[in-house]
Every structure is written in structure tokens, then in C-alpha cells.
Amino acid sequence: MTPGDGRIFPLPRKPRGVFCGPQYEGAAVQQDNPDLTFITPTAPVANETHGGRAKCLQRLVRLDLPVPRTVALSFDEVHRIAQGVMPDMKALLAPLDEGSLLCVRPSSEDPDWGGPGAVLNIGMNGARLAALSAQIGESAARKLFARFIQTYSIQVARLDPDMFDDLDLEAEDVCDVALAAYEDEAEEPFPQDPGVQLAGVLRSMARAWEGTSARLLRQAKGAPADAGLGLVVQEMVLGLGRGECGSGVLQLVNSITGHPQITGRYMSQSQGRDALDGGAESLFLEKDPRGPSLEELAPEAFEALKLDAALMRERLREEMQIEFTIENGAVHILDGVRVQRSSRAAVRIAVQLAKDGIIPKEEALIRIEPRALNELLHRQVDPDAPRDVVGTGVAASPGAASGRIVFTAAEAQASAARGEPCVLVRRETNPEDIRGMHAASAVLTERGGTTSHAAVIGRGLGLPCVVGASSIRFQMRKKTIVAPDGREFREGDVITIDGSEGEVLAGEPAMLEAALDDAFQALMTWADEARDIDVRANADTPADARTARNFNAGGIGLCRTEHMFFEADRLTVMREMIFANAAGDRRSALDQLLPMQRADFTELFRIMEGMPVCIRLFDPPLHEFLPSERTGLRDLAEALNLPLSDVTRRVEALEEYNPMLGMRGVRLGITVPEIYDMQARAIFEATIEASREGEPIVPEIMIPLVSAKREVELVKTRVDAVAAAVRTEKGVDFDYRLGVMVETPRAALRAEDIAPHCHFFSFGTNDLTQMTYGLSRDDAGRFMSTYVQQGVYPEDPFHTLDADGVGELLKLGAERGRKGQPDLTLSVCGEHGGSPESIDFCRKAGINYVSCSPFRVPVARLAAAQLAIRDKIG
Ligand code: PEP
Ligand code: MG
């Protein structure tokens with residue numbers, strides 16, 4: 001069908017209202033102008049040209065639902081109206097009943113972009129008052145007219161709303177008072193002509209859409225600058241009158257949970273969405289112990305509505321909210337919009353639609369925004385709860401938790417021992433705080449960005465975390481934090497960290513629990529069937545590994561072994577090792593660490609049940625294991641039985657100006673090789689131990705911070721030697737895979753040289769970003785928001801992979817690596833690994849798997865599935 005081809009279209013099913021003129025019964029209307037089109041089953045109406053509401057109404061007409069007659073105005077037509085060029089009003093009104101009042105509603109392409117408010121009862125005037133009074137009663141007719149004058153004055157004539165402050169809707173002369181007020185303020189009589197009223201409404205709505213504030217508002221919601229507005233002009237079904245008349249809103253699911261539940265309200269003698277604000281006068285829809293219901297008042301209408309709603313769900317392939325009117329017992333469907341929904345409801349709705357065969361599984365997968373899964377994986381502040389925001393920072397680890405403020409890791413542990421949830425507040429965290437982080441319910445730091453210590457550990461533990469909250473004053477000595485508005489919070493006060501929003505809230509708002517329910521599990525299973533890139537987890541502890549298994553990770557892509565040394569008993573031995581003067585002393589400390597590490601690895605292998613486990617050798621600078629404050633130094637001197645001055649001197653000697661570029665990673669492995677020897681032995685002995693119970697385990701050993709081929713050769717020689725020694729001692733053979741973490745630009749550039757010594761490369765995009773930009777991952781939070789606001793960087797590159805720069809190095813490293821070693825396995829294990837944009841990039845760059853914090857694994861699995869599905873459908 002093409003517009004203007006002169007075809008004749010049947011009218012939509014005729015509404016059962018008293019205002020529908022008999023002249024249209026059985027008639028047909030010529031349909032030749034797509035810009036001003038009467039909505040019939042075949043009218044040229046499209047989402048992209050007339051907006052979602054107009055298109056939805058056409059679908060309802062096609063389903064033969066009782067929809068009042070409607071004319072749709074296209075985006076182009078409304079744009080012309082905004083410019084002052086009015087449509088042919090006669091043509092517009094031709095398909096509509098002359099005797100009907102009208103309403104105009106906005107119809108934008110995406111309902112979330114908003115639009116001007118609907119205007120009801122257009123056409124009401126003094127002449128119609130008498131007829132309407134006979135129909136619905138004098139008082140109701142007067143109120144309707146007075147309300148219309150009020151709406152028109154404010155929304156169309158843009159008069160001061162205060163002028164109606166004293167209007168008494170019950171008064172007999174209310175219409176005269178309202179008309180006089182209009183005349184006074186507008187200095188002209190109220191327009192009585194329905195055509196003039198309609199033109200005024202159309203013009204004001206068109207102009208409101210094109211105004212600057214409306215444009216900025218919708219752009220903030222993702223609308224393009226030139227997004228169009230359509231309008232629909234519909235015959236009113238009044239919802240007022242002598243039989244059972246009224247209006248309401250109905251949907252078949254609960255918007256928060258997504259479970260089936262008839263929700264909404266109905267109010268007799270009301271219009272539009274009044275029932276939702278009707279308080280005690282509103283009825284429940286289904287029978288309800290809390291009060292009277294539509295089901296009891298008008299059972300037939302209720303049944304009809306349920307059937308209409310079910311039909312809409314099936315045929316529109318979506319859960320819809322229906323706006324309806326009942327007039328003398330008969331149901332009219334005025335409008336349908338997509339049900340507003342929480343993320344958990346979105347998952348259940350999509351899964352149920354697919355299970356009911358209404359949409360394919362692939363579409364259910366595509367309908368869920370991957371990041372929205374975060375809401376299901378963590379506790380959230382109830383969206384309906386009041387929020388008392390104390391300050392904001394970087395949303396570093398999602399979820400929300402409340403607790404009493406503590407300022408040290410030791411206090412966090414003490415609090416946990418008392419069974420009291422606490423929020424650990426630090427300027428920034430360091431490895432010494434890890435135990436405190438384990439004990440805390442949430443973490444707040446003054447400094448840091450997305451890849452700072454607190455953020456990485458927080459995400460790994462699934463601990464809500466806000467970092468870089470520099471608008472709050474942290475007074476660590478006084479043990480208080482001071483909000484920008486001057487409010488002080490002391491140790492012991494209860495606050496809430498909302499790590500999804502990056503907000504610190506006072507007190508303890510109501511929460512919604514995590515929802516890893518059947519709908520979530522079904523969606524994830526379908527995602528795994530669809531995706532074509534593997535997803536592993538970054539997991540350091542048995543608890544992380546179990547979370548990774550729960551979220552169906554394909555293995556561990558990065559085990560940061562240094563995180564295993566922060567338990568109190570290990571830390572002391574570690575410090576002894578660092579302080580050892582002679583190789584013999586060092587070896588004896590390492591001999592104590594060996595069984596601990598072996599037990600760690602054995603447990604990880606057992607939990608992962610034969611799935612690949614990639615263990616990164618020790619990475620951080622040694623001084624991170626040493627205390628910096630005086631009390632810590634004194635404790636250490638006691639533990640090591642050394643004078644405090646000795647300890648202080650040794651600690652100072654290990655300090656570096658720029659530790660992240662200093663003695664860490666493979667540099668430590670080469671200068672203090674006993675550490676890697678011990679770790680390699682622990683890995684191999686654990687391999688033999690865990691392999692006894694099942695399939696032989698093939699551990700993956702990864703060398704961090706490589707920048708030169710020779711580093712790999714040296715480490716490989718020693719690791720091979722340890723493997724040979726363990727094989728001989730134990731009389732058991734095993735295999736292992738050695739790989740390199742590509743996280744310095746030089747490693748990426750020299751990948752062809754390095755690759756022949758490796759089974760795999762894993763791109764550490766945190767350090768690679770840090771070194772490519774020359775941007776400290778721990779300090780960038782201070783200026784990152786200014787940089788992003790001013791467009792220096794499009795996004796925080798620690799958060800969203802910089803495809804142009806860091807990405808180029810990554811592609812180059814991947815290509816050169818595969819040139820040097822065609823069977824090389826490639827992965828990305830930086831924090832970017834879990835982000836949908838990075839996964840897109842990784843798939844295109846031929847990366848075999850991404851690895852991310854366990855709690856991001858589901859997000860990554862869904863994002864990967866969507867990318868594969870989109871590729872398939874083109
Ligand atoms: C990286 O640098 O990307 C990485 C994964 O290692 P870490 O964050 O431990 O430095
Ligand atoms: Mg790194």
C-alpha cells in the first residue's frame with residue numbers, strides 16, 4: 001500500500017459511546033495523506049514517522065479492540081505546526097464525529113522521551129453545556145467545562161495557573177467565573193469554536209516540544225537533537241454519565257517483580273489517569289481485601305478488559321499498560337503504553353513472553369540491557385524509598401548496603417565480629433585494608449577511580465563501593481566525614497553506600513534483595529547458547545571462585561596471587577621474607593608460605609573442577625606489604641624482634657618514587673627469583689594433588705608486567721626447572737601452560753618476539769591504559785570528571801576501553817603475537833573485560849575470551865550473546 005493510492009479503508013470498530021455520530025456507522029474514509037491520517041488497520045502510520053502511541057493505536061484497531069476514532073499527525077506535520085503552518089483542519093476533523101469532544105496526546109518515537117501533557121475535552125463550550133448537562137448531569141458538565149477552561153488557559157494560552165486558585169468547582173457559576181478569569185487575564189474572550197480550540201492545542205503542543213528546555217531534557221534521555229513529535233487527535237469517551245461510567249489504568253504484571261498480577265485502579269465518574277491519584281475513591285481492579293474493586297462493581301466490564309489486555313500482550317508481543325474508559329458499562333481502550341518496569345521485572349517479562357512462545361528467545365535476550373543485570377545481582381535501594389544524599393563519588397562497585405561508619409580495617413573486623421554491619425571509610429584503600437573490606441558491608445573512599453584498589457577489590461567481592469568522593473571532607477583523625485552541606489557523620493553513625501549510583505546516603509533506606517531467580521537463570525542459559533566468545537572470572541579466593549562458578553564463568557582468567565598474602569598469619573611470614581638479609585632466611589620464610597599457597601591453589605582447582613585456572617605470579621611492589629604508620633611499624637618491629645629504627649630504615653629503603661613503574665611484576669621475579677620458584681612449586685604440587693580426584697589439571701601460569709622477551713626466557717627457564725624437579729620428586733607427570741600478561745606498551749609492540757615462548761597472552765588493560773596514557777589509575781579520579789565533561793576524553797578510559805589508542809595497541813599485540821605463535825590463546829583480563837563495548841571490540845579483534853570480576857560475568861555473558869545475535873540477524 002502506498003499513501004495516496006486512493007484505496008478505501010474500513011473504519012475501526014465503532015466505539016460504544018454516546019458521542020459517536022450515526023453518520024459514520026458503516027461508512028468509510030478516504031485515506032490519502034500520511035501526514036494527517038485517520039487510523040485504520042492499513043493507514044500509513046509508522047513508529048518512525050508518527051511515534052509509538054499512534055502506531056500502538058493502529059495495532060489496537062487491527063485487533064478490533066474498542067478504540068475511539070483517532071487521527072494521527074506525523075512528525076513533519078507537527079513540525080510545520082510549530083512553524084505556524086496549520087494543517088487543513090476540515091480534513092483533520094472529517095473522520096471524527098462532529099458531536100464528540102476530542103483529546104490530543106503526544107506520540108514520540110520513544111515514550112521515554114516524554115512530550116507535552118495530553119489535553120482532554122477539546123470542543124467544550126457554552127453551547128454544548130446544555131446538551132452535556134442532559135447527558136451527564138448539570139454539576140458534572142459544569143465541572144468538565146470549568147476544568148477545560150482551566151487546562152486551556154494554562155497549557156495553551158500560557159496564563160498564570162494561580163489565577164484559578166480560588167475556583168470552586170462545586171459552585172453553580174463556576175463556568176462564568178472561569179470564563180471571566182480567562183478574559184481578564186488573556187484580554188480576549190475564551191475561544192468557543194472547537195476548531196479554534198483544537199488549533200490552539202495543536203500549536204501549543206508542537207511548540208512546547210521544540211522549546212529548548214524540552215529538547216535538552218529529552219536529549220538527556222538519549223533522544224537525538226532532531227527527534228520528532230507526532231500527535232493523535234482522538235474522540236473522547238467521557239467516563240462520565242448516569243450508568244456505570246469512569247476510567248482507569250490496567251496492566252497484567254507487577255512493575256517491580258514482573259510476576260503476573262493485575263495492577264491498576266479504576267474510578268467512577270473520572271477521566272484520563274485520575275484514578276491513579278484518586279485516593280480512597282479509586283477502586284482496585286481485582287477483588288482485594290483492602291477495599292472495593294471493579295471486579296465486584298462491573299464484573300462484565302472487568303472480564304472484557306482482562307481479555308483485551310491478554311490479547312494485546314499476545315499480539316503486541318509486550319506487557320502493556322492500558323488506559324480505559326467505561327461508559328454505561330461498555331469498555332473502551334483509549335491507549336496502550338509499554339509497562340514501566342524495574343530491571344528484575346524486565347527480565348521476568350521477557351523470559352515469560354519467550355516461554356509463552358510470544359517472542360523468540362533471541363528477542364528476549366536482546367530486550368535486556370546487559371548492565372541492568374547489576375540490579376538483579378546486588379541488593380538495591382528500593383526505587384520508591386526516599387533518598388537523603390550526603391555526597392557523591394564514582395560508582396565503583398554496584399549494589400547498596402548500609403552500616404555504621406568505621407575508619408580502619410581493624411574496626412571493620414571488630415564490627416563484623418559483633419555482628420554489626422559497617423561501612424569502611426578510608427582516604428583510599430591499600431592491600432592492608434583487604435581484611436577490613438572482607439568484614440565490611442560497603443566501602444567509601446575519598447580518592448581513586450574505577451580501577452583503583454578499592455574499586456577492583458570491591459567489585460571482586462561484590463561489595464558496594466563509592467570511590468573518589470572528594471566533595472565529602474574526610475577527617476580521619478577526628479573520625480568524622482563532613483558532607484558538602486555541612487552535616488557531620490561520626491564513627492558509629494549509619495550511612496548507606498549506593499555503589500550503583502555513586503551516592504552516599506544518610507541512614508538506612510528500604511532495600512530490594514538480589515534476585516537470582518528462575519527467570520534470571522533461564523535468560524543466562526539462553527545467553528550461553530547464543531554467545532560465541534568465552535567469559536572467565538577474575539577470582540583470587542575460594543569465595544570468588546565459588547561466585548564465578550555460580551555465575552557460570554568458563555574458568556578463572558586471572559588469579560591475582562598477591563591477594564592471598566594478606567591474611568594475618570601470612571602477612572607476617574611475607575614480611576619476614578621481605579626483611580630477610582640472606583638467601584637462607586628468605587628461603588625459610590618462603591618454605592612457610594609454600595604449603596599455604598599449595599592449599600590455596602588446590603582449593604581453587606577443586607572448586608573449578610577441571611575448568612581452566614590462570615594463576616598470575618606475584619605482581620605488586622614489596623613495600624605494599626609493609627606498614628606505613630607508626631603503630632604498624634612498631635608492631636612489625638615486635639613481630640620480627642628488631643629495633644624500630646632498623647625496621648623503619650628498611651621500610652624506607654624499599655620505598656620508590658613511582659612504585660607502579662618500579663620493582664614489581666616480572667622485575668621482582670627476576671631480581672628475587674625465589675618468590676616465583678615457590679609459587680611455581682605450589683602450583684605444580686597442587687596440580688598433582690587436585691588431579692588425583694578427577695581429570696588431569698593443566699594450570700596456566702602468567703607472568704605480569706613483561707616488557708622484554710628476555711624476561712620471559714629467564715622466568716620460563718626457572719619455571720621449567722621447578723616443573724622438572726616436582727615431576728622427579730613426585731614421580732608424576734603433568735602439563736602446564738605458560739603465558740604473558742601484555743600490559744606494557746612495549747610488550748604489545750614486541751609481541752611477535754615474545755609469543756614463541758608462550759601459550760597465551762592476556763591483555764591487562766588496566767595497566768595498559770595507565771601506561772598508554774601515562775595516567776595514574778589511582779589518581780586519575782581527581783580530574784577525570786572535568787576531563788570527560790570538557791570532552792578531552794569521551795569516557796573514563798579505565799572504564800570504557802579506549803578503542804582508538806589502547807585498542808590499537810591491543811589489536812597490534814594480538815596480530816603480532818599470532819604471527820609469532822599461531823596457536824596463541826588471547827584474552828583480556830583488565831576491568832574492561834566485563835563491559836559490553838569492550839566485548840564487542842574483543843570479538844572483532846579475535847580475542848578468545850574475556851575475564852572480569854565474578855559479579856560482572858552475567859553482564860558479560862548477556863552482552864556477548866547480544867553481539868552474536870545482532871551479527872546473525874545483520
Ligand atoms: C591489568 O593491569 O589490567 C590487570 C588485570 O592487572 P592488575 O589490575 O592487577 O594490575
Ligand atoms: Mg596489571
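**Salt bridges, then the rest**

Modeller: Let's start with R727, which is partly exposed at a relative accessible area of 26% (buried is under 20%, exposed over 50% and partly exposed in between, with a 1.4 Å probe and protein chains only). Its salt-bridge partner is D733, with the closest N and O atoms 2.8 Å apart; the term means a side-chain nitrogen of Lys or Arg within 4 Å of a carboxyl oxygen of Asp or Glu. D733 counts as exposed because its relative accessibility is 64%. Elsewhere, shared partners join R317, E318, R338, R341, E363 and R367 into one salt-bridge network.

Before going on, bear in mind that this is a predicted model, where local features need pLDDT of at least 70 and side-chain atom pairs pLDDT 80 or more, while totals for chains, interfaces and linings use all residues. Residues are numbered from 1 along each chain as written, chains are lettered from A and ligands numbered from 1 in written order, and side-chain values use heavy atoms, without hydrogens or water.

A search of the whole structure turns up 61 salt bridges. One of them joins R341 to E318, at 3.2 Å between the closest N and O atoms. R341 sits in the loop between β11 (330-338) and α12 (343-355) and E318 in the loop between α11 (299-316) and β10 (320-327), so this pair ties together parts 23 residues apart in sequence (helices, H or I of at least four residues, and strands, E of at least two, are DSSP runs numbered from the N terminus). Both R341 and E318 are buried.

Then there's D498 with R387, a salt bridge of 2.7 Å, N to O. Here distant parts of the chain are linked: D498 is in strand β22 (residues 494-498) and R387 is in the loop between β12 (380-381) and β13 (389-392), 111 residues away.

D160, D162, D165, D166, E183, D184, E185, E187 and E188 make up a negative patch; patch members have over 30% relative accessible area and no salt bridge, with like charges joined within 9 Å. D160 is in the loop between α6 (138-156) and α7 (174-186), and at 37% relative accessibility D160 is partly exposed.

As for the cysteines, the structure has zero disulfides, a disulfide being a pair of cysteine sulfur atoms within 2.5 Å. C175 is in none, as the nearest cysteine sulfur, belonging to C245, is 20 Å away; C175 itself counts as buried, at 5% relative accessibility. C842 is in none either, and the nearest cysteine sulfur there is that of C852, 11 Å off. C842 is buried too, at 1% relative accessible area.

Last, the backbone. Q269 isn't a glycine, yet its phi is positive, near 55°. You'll find Q269 in the loop between β9 (260-268) and α10 (294-297), partly exposed at 37% relative accessibility. N552, another non-glycine residue, has a positive phi near 60°. N552 lies in the loop between α19 (542-550) and β26 (556-560), and a relative accessibility of 43% makes N552 partly exposed.

Definitions and conventions:
Patch = residues over 30% accessible without salt bridge, like charges linked within 9 Å, V, L, I, M, F, W, Y side chains within 5 Å. Areas by Shrake-Rupley, 256 points an atom, 1.4 Å probe, with all protein chains shown as cover. Lys, Arg positive; Asp, Glu negative; His and termini not counted. Charge placed at Lys NZ, Arg CZ, Asp CG, Glu CD.
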